[in-house]
Amino acid sequence: MMDVTAPQIAKARALDRNDVRGAFLHAVERDAHGEPGEAVDGYIAVLRQAPASTDPRARVLSEIAASALEDLEDAAPAYA
């Protein structure tokens, strides 16, 4: 089955690299498709962008991202 979601998320992220929702969607999508290293990078991007974000959901997304990072501790290569 072809992954049609990733290209669409990439297009959305290209419009605004500081969009915390775009970073979150990218991380979740990579996590769901078995790419834990890329998911970790995405979740870390959420944590970096959330404090300066004006998005009302940024805090909640950062909490979910932190929890997801903890879940990926054993799955992601070179995660320490």
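Which helix is the place of Ala-6? Ala-6 lies in helix H1.

## Model and conventions

This is a predicted model: local features need pLDDT of at least 70, side-chain atom pairs count only at pLDDT 80 or more, and totals for chains, interfaces and linings use all residues. Residues are numbered from 1 along each chain as its sequence is written, and side-chain values use heavy atoms, with hydrogens and water left out.

## Overall fold

The protein chain has 4 helices and 0 strands. The order from the N terminus is α-α-α-α. The radius of gyration is 12 Å, close to the 12 Å that the globule rule gives for 80 residues, so the chain is as compact as a globular protein of that length. Helices (H or I, at least four residues) and strands (E, at least two) are DSSP runs, numbered from the N terminus. The radius of gyration is taken over C-alpha atoms, and the globule rule is 2.2 Å times the number of residues to the power 0.38.

Along its principal axes, the C-alpha trace spans about 30 × 30 × 15 Å. Of the contacts with a separation of 6 or more, 51% join residues 24 or more positions apart. Contact means heavy atoms within 4.5 Å.

## Surface and charge

Buried residues make up 35% of the 80 in the protein chain. Buried means under 20% relative accessible area, exposed over 50%, and partly exposed in between (1.4 Å probe, protein chains only). The accessible surface comes to about 5400 Å². Carbon and sulfur atoms hold 54% of that surface. Areas come from the Shrake-Rupley method with a 1.4 Å probe; for residues, only the protein chains shown count as cover.

The chain carries 8 positive and 14 negative charges, and their mean positions are 9 Å apart. Lys and Arg count as positive, Asp and Glu as negative; His and the chain ends are not counted. Each charge is placed at NZ of Lys, CZ of Arg, CG of Asp or CD of Glu.

## Helix H2

H2 covers residues 20–32, 13 residues in number. From first C-alpha to last, H2 reaches 18 Å, close to the 18 Å expected at 1.5 Å a residue. The expected span is 1.5 Å times one less than the number of residues. Buried positions in H2 include Val-20, Phe-24, His-26 and Arg-30. The buried residues of H2 pack against H1 (5–15), H3 (36–49) and H4 (58–71). Just after H2, Gly-34 takes a positive phi of about 75°.

## Glu-29 and Ala-6

Glu-29 sits in H2. Its relative accessibility is 6%, so Glu-29 counts as buried. Leaving out residues up to four places away in sequence, Glu-29 touches Asp-3, Thr-5, Ala-6 and Ile-9.

Ala-6 is partly exposed, at 24% relative accessibility. With the sequence neighbours up to four places away not counted, Ala-6 touches Glu-29 and Arg-30. The C-alpha atoms of Ala-6 and His-33 are separated by 9.7 Å, though the two residues are 27 apart along the chain.

H3 has 14 residues. H3 reaches 20 Å from first C-alpha to last, close to the 20 Å expected at 1.5 Å a residue. The buried residues of H3 are Pro-36, Ala-39, Val-40, Gly-42, Tyr-43, Ala-45, Val-46 and Gln-49. They pack against H2 and H4.

Ala-75 is found in the segment after H4. Ala-75 is partly exposed, with a relative accessible area of 46%.
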